[in-house]
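Dear colleague,

Please find the structure below, handed over for your work.

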Amino acid sequence: MKITIHPKYNQQQEAIVNLTRTFFQNDRVLVEGSRNSIKTSFLGDEEVNIKFFQKPGIIKSIIYSFFKSTKAKRSYDYAHYLIEHAILTPFPIAYVEERKLFGLLGNSFYISHQVNCDFTFRELIHNPKFPEREAILKQFTAFTYKMHEAKIHFQDHSPGNTLIVKRENGVYDFYLIDLNRMKFDELSLEQRMDNFKKLWLSKQMIQIIAKEYAQLAQQPDELVLKLLMEKSRLFKQKTARKKYIKRFLGKK
């Protein structure tokens with residue numbers, strides 16, 4: 001077993017390891033997936049999340065063992081990068097990797113703070129009359145712009161991966177989760193607009209976001225709107241084609 005712990009939690013190593021050892025006896029399920037799942041527990045007085053990454057197949061096990069960082073390690077490292085650049089994410093506590101024969105990766109875990117959000121970005125999509133929706137979208141746009149300026153390309157920038165916490169005086173905090181797919185590089189305006197495509201924005205949402213982003217980036221409103229509309233349209237078309245092909249082939 002390989003364990004990496006934030007220095008703040010060095011004295012709690014035994015308790016952290018125990019969270020992973022008792023993971024399958026824990027019935028406090030937050031997210032249940034076919035391969036990865038998240039459960040909540042307590043580390044002392046702090047509520048935490050334990051994300052479980054199931055042992056990969058032999059090919060991916062070799063890749064993650066010798067050529068590429070594991071999802072657990074990337075989640076931990078990327079969370080630190082975000083925090084260093086003032087982008088909110090649940091605080092990274094530790095990650096644990098189980099190693100098998102010949103050092104091949106087995107199961108792995110990522111432990112972070114639990115953030116009790118008020119809602120996610122998904123609610124803004126499904127409810128056009130959501131309270132303060134336009135203000136939230138503008139603040140979310142500023143959050144994403146700040147992320148782009150920090151050279152953060154969050155490849156899973158999708159509705160369920162932004163937790164939103166309401167503060168006082170109409171201010172909202174945005175927390176990124178599910179961090180293991182990121183790149184860190186300069187983004188062109190086209191790439192920045194492409195980064196919004198998985199959010200499934202309505203035309204009204206696109207107009208609000210495009211106008212706000214154009215002001216922040218000091219770009220023409222028409223250009224930003226055109227790019228964002230096109231990226232969103234192409235993504236929705238591609239997704240629809242994939243669903244049609246799966247239905248045609250009789251797959252779920």
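**Salt bridges, a surface patch and a buried threonine**

Arg 192 is buried, at 9% relative accessible area. The model is a predicted one, and the description below should be read accordingly.

The side chain of Arg 192 forms a salt bridge with that of Glu 149, at 2.8 Å from N to O. This pair joins distant parts of the chain, since Glu 149 belongs to helix α5 (residues 133-149) and Arg 192 to helix α6 (residues 189-194), 43 residues apart. Glu 149 has a relative accessible area of 44% and is therefore partly exposed, whereas Arg 192 counts as buried because its 9% falls under the 20% limit.

The structure holds 14 salt bridges, and two others deserve a description here.

One of them brings together the side chains of Asp 156 and Arg 181, at 2.9 Å from N to O. Here too, distant parts of the chain are linked: Asp 156 sits in the loop between β8 (152-154) and β9 (162-166), and Arg 181 in the loop between β10 (172-176) and β11 (182-184), with 25 residues separating them. Asp 156 is buried, with 14% relative accessible area, while Arg 181 is partly exposed at 34%. Lys 198 joins Asp 156 and Arg 181 in a network of salt bridges.

The other is found within a single helix. Lys 73 and Asp 77 both belong to helix α3 (residues 71-84), 4 residues apart, which is about one turn of the helix. Their side chains meet in a salt bridge of 2.5 Å, N to O. Both partners are partly exposed: Lys 73 has a relative accessible area of 25%, and Asp 77 has one of 31%.

Turning to nonpolar residues, a surface patch is formed by Ile 58, Ile 59, Ile 62, Ile 63, Phe 66 and Phe 67, which together have about 640 Å² of accessible area. Ile 63, one of its members, lies in helix α2 (residues 58-66). The relative accessible area of Ile 63 is 35%, so this residue is partly exposed.

Finally, which residues does Thr 40 touch, leaving aside those up to four places away in sequence? They are Asn 26, Arg 28, Leu 30, Glu 47, Val 48, Asn 49, Ile 50 and Gln 114. Thr 40 is part of strand β3 (residues 36-43). With a relative accessibility of 7%, Thr 40 is counted as buried.

With kind regards

How values were computed
Residues numbered from 1 in each chain as written. Predicted model: local features only at pLDDT ≥ 70, side-chain atom pairs only at ≥ 80, totals over all residues. Heavy atoms only, no water. Helix = DSSP H or I, 4+ residues; strand = E, 2+ residues; numbered from the N terminus. Buried < 20%, exposed > 50% of the residue type's maximum accessible area, 1.4 Å probe, protein only. Contact = heavy atoms within 4.5 Å. Patch = residues over 30% accessible without salt bridge, like charges linked within 9 Å, V, L, I, M, F, W, Y side chains within 5 Å. Areas by Shrake-Rupley, 256 points an atom, 1.4 Å probe, with all protein chains shown as cover. Salt bridge = Lys/Arg side-chain N within 4 Å of Asp/Glu carboxyl O.
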